[in-house]
Amino acid sequence: MSPVRRLAFVAGARPNFMKVAPIIAEMERRGNTAPRAFLVHTGQHYDRDMSEVFFEDLQLRRPDVFLGVGSASHAEQTAKVMIAFEKLCVDERPDGVVVVGDVNSTVAAALVAVKLGIPTAHVEAGLRSFDRTMPEEINRIVTDAIADLLFTTCEEADANLLREGVASSKIHLVGNVMIDSLLRQRARARSSKILADLGLAHGSAPARPYGVLTLHRPSNVDASDRLAGILDAVGKVASRIPIVFPIHPRTMKQAEAFGLAERLRPRERGETPTEGLVVTGPLGYHDFVRLVADARLVLTDSGGIQEETTILGVSCLTLRDNTERGITVTEGTNTLVGTDPARIVAAAEAALDAPSAHGRMPRLWDGRAAARIVDVLVRELGGP
Ligand code: UD1
């Protein structure tokens, strides 16, 4: 009998955890009929509320290995993951490596694994914003160019890969694992007390309409005039409905550096500095899903939230000029609004005046993407 095969799953940053969780759960569910999963946490995100809390909420096994790379410049962070992950791969010789998403940990681990001749799979392949100033776009292009198995969420991603010369035999359209996590956790998220904690609940239902804001893209938060302009616009929207803003550490750090932090003082520290803006620290997965599910409107520059709002049927205004997730605009509830403050306010007013959003569920965003991925992993990497 051949020894049990082992696949290394690499996760490092907040949006990775909800992508690996359903795949690992599915592999564990299949027991000896699937390879064994071991989880490598690179440590790109390390604060409890950017990492640990997701393991609890997603019922994700503890990492088997923690590389502890932490924050640094792009080159340094990518290099640190590569050095540590190469040692691990040489020592452990996994039979395959699975990377997810588009963060620095994704491309770093893929480069290492492919050069060691270890079969490598990329989950969420083929997404393209066609904006090479976006660090994630570079990570996506490089990872997809070298990985052996490419798992995609939509036909558009397949077309992008084919156009770049990727062999169709490598591409597997499987659906969206982010949505697997969302559907798996939705019932638990319903019992989150976040609305009551923020003074937005009446019993278990929202007391009044509110919006949610997330902001962390370097293009939006690393330049003071851009960040100030977005906060001005949000301030105007917040005079109409409360806007909850769970702030990302990068954004808080930049707001402090630009002298904008006064406008963002968390609620618990006294009066609300921008009327209607409810600032919190980063939220756990269940709290965040509950908050978004009941929101009247979401303003965001995140990628994954464009997908989650599509499934939850919540209007999403994306504060970017482009998106790699076009399907959320064509089929879902997403509108690309850009970053001009007047446009943001006008789009928010229009969304609030319109009836609730309605989108179509993209094909295969049905909660079974992980099962399809594991079928392919077993077939392609599971045997001797
Ligand atoms: C990273 C990803 C981005 C993803 C985002 C989700 C890259 C290039 N970017 O961006 O694609 O959308 O994660 O959050 O991989 N920090 C903390 N605590 C932490 C982690 C970070 O305080 O646990 C602070 C540090 O000051 C750090 C800054 O946040 O310098 C940025 O962290 P970094 O991992 O470089 O990028 P993100 O902006 O989080």
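1. The protein chain splits into domain 1 (6-176 + 365-381) and domain 2 (188-353), with bounds taken from an automatic or database domain assignment. Their C-alpha centres sit 27 Å apart.

2. Before going on, a word on what you're looking at. This is a predicted model, where local features need pLDDT of at least 70 and side-chain atom pairs count only at pLDDT 80 or more, while totals for chains, interfaces and linings use all residues. Residues are numbered from 1 along each chain as its sequence is written, and side-chain values use heavy atoms, with hydrogens and water left out.

3. Now the interface. On the domain 1 side, 24 residues are in contact with 19 residues of domain 2 (contact means heavy atoms within 4.5 Å). The two domains bury about 1900 Å² between them, with 56% of that on carbon and sulfur atoms; buried area here is the accessible area (1.4 Å probe) that two parts lose on being put together, summed over both.

4. Glu-324 and Arg-140 meet in a salt bridge through their side chains, at 3.5 Å from N to O. Helix H1 (14-29), helix H2 (52-57) and helix H5 (135-146) each supply at least two residues of the domain 1 side that touches domain 2. Helices (H or I, at least four residues) and strands (E, at least two) are DSSP runs, numbered from the N terminus.

5. Then there's an open sheet of seven strands, paired in parallel, in the order E3-E2-E1-E4-E5-E6-E7. Strand E3 (65-66) and strand E7 (171-173) are the edges, each pairing on one side only. Two strands pair if DSSP finds at least two bridges between them; strand E5 (residues 120-125) and strand E6 (residues 149-152) have four, in the parallel sense. Within E6, Thr-152 stands opposite Ala-125.

6. Last, salt bridges overall: the structure holds 30. One to look up is Glu-28 with Arg-61, whose closest N and O atoms are 2.9 Å apart. That pair links distant parts of the chain, 33 residues apart, with Glu-28 in helix H1 and Arg-61 in the loop between H2 and E3.

Note on methods. A salt bridge is a side-chain nitrogen of Lys or Arg within 4 Å of a carboxyl oxygen of Asp or Glu.
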